Amino acid sequence: MPPANPAVSPVRLLAFAGSLRSGSYNRRLIPVLVEGARAAGAEVTLIELRDYPLPIYDGDIEAEAMPEQARRLQALLAEHDGLLISTPEYNGSMPALVKNTLDWISRPLADGRSGTALFADKVAGIVSASPGPLGGLRSLLVLRDALAKLGLIVVPQQVAVGQAADKLSDFGQLNDERQRDAVHRVGAAVVRHLKVYQGAPA
């Protein structure tokens, strides 16, 4: 492992849950993931996607004018080194909200560069929660693939919290100690990977 570079800036991560529902289990889970990353030394910006409302991607809308919220999300991602995402599972896959958000961010930037450049070589950590026994595991498989295709490095650690109604009593409250520690380790793994990359020579 290369020696640490004291001049390297702190790791900065952008975090969101892929749900808008007020009582969403994934909105309750994402603060646990954030907590793990912050304990490992990261600066984390936790956002609510309801604050960045976007239409379903439509090339005609983009041709007329790129939505302001998409530009805001592009600017946010540009300022961060990686992503933390907690996703629900809808019909065996990630929800349209997550896919649509990624699709809009990946569109060309105002200066003409590809939006996919914002994702390249950044690191992501993913978790999920579901009332079912598998905890949204299938959504993680789909999300992992989608993020990798955008150029992100997704850490191998992931957690799917099943029976979420019994385990996630409130925001940031995961009542299963073993799974809470595992979610923390996902956040810590993202920070660890980024510190290695930042400390390595170009």
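Contact, in this tour, means heavy atoms within 4.5 Å. The model on your screen is predicted, and local features need pLDDT of at least 70, side-chain atom pairs count only at pLDDT 80 or more, and totals for chains, interfaces and linings use all residues. Residues are numbered from 1 along each chain as its sequence is written, and side-chain values use heavy atoms, with hydrogens and water left out.

**Stop one: Arg-72**

Select Arg-72, which lies in helix H3, residues 68-78; helices (H or I, at least four residues) and strands (E, at least two) are DSSP runs, numbered from the N terminus. Leaving aside residues up to four places away in sequence, Arg-72 touches Asp-51 and Tyr-52. Is Arg-72 buried, exposed or partly exposed? With a relative accessible area of 36%, Arg-72 is partly exposed, since buried means under 20% relative accessible area, exposed over 50%, and partly exposed in between, with a 1.4 Å probe and protein chains only.

**Stop two: H3 and H4**

Next, show H3 together with helix H4, residues 96-105, whose axes come within 9 Å and cross at roughly 80°. Axes here are lines fitted to C-alpha atoms, for helices over the stretch in contact, and angles run from 0 to 180 degrees between N-to-C directions. H3 and H4 are therefore roughly perpendicular to each other, the word used for 65 to 115 degrees, while angles under 35 count as roughly parallel, over 145 as roughly antiparallel and the rest as oblique. The residues making the contact are Ala-70, Leu-73, Gln-74 and Leu-77 of H3, together with Thr-101, Trp-104 and Ile-105 of H4.

**Stop three: the sheet**

Now select the strands, five of which form an open sheet in the order S2-S1-S3-S4-S5 with parallel pairing; two strands pair if DSSP finds at least two bridges between them. At the edges are strand S2 (43-46) and strand S5 (153-161), each of which pairs on one side only. Direction ignored, neighbouring strands of this sheet are turned by 20° against each other on average. Helix H5, residues 137-149, packs on the sheet, where it touches strand S3 (82-87), strand S4 (123-129) and S5, and the direction of H5 makes about 165° with that of S5.

Which residues stand opposite Ala-15? Ala-15 stands opposite Leu-46 in S2 and also opposite Leu-84 in S3. Leu-84, in turn, stands opposite Gly-125 in S4. Between these strands, four bridges join strand S1 (residues 12-17) to S2, five bridges pair S1 with S3, and six bridges join S3 to S4.

Colour S3 by itself: six of its six residues are buried, so S3 is largely enclosed by the rest of the structure. Both faces of S3 are covered, with Gly-82, Leu-84 and Ser-86 buried on one side and Leu-83, Ile-85 and Thr-87 buried on the other. In a regular strand the side chains alternate between the two faces of the sheet.

**Stop four: H1 and H7**

Finally, select helix H1 (residues 25-39) and helix H7 (residues 177-199), whose axes come within 7 Å and cross at roughly 55°. H1 and H7 are therefore oblique to each other. Among the residues making the contact are Leu-29, Val-32 and Leu-33 of H1, and Val-183, His-184 and Val-186 of H7.
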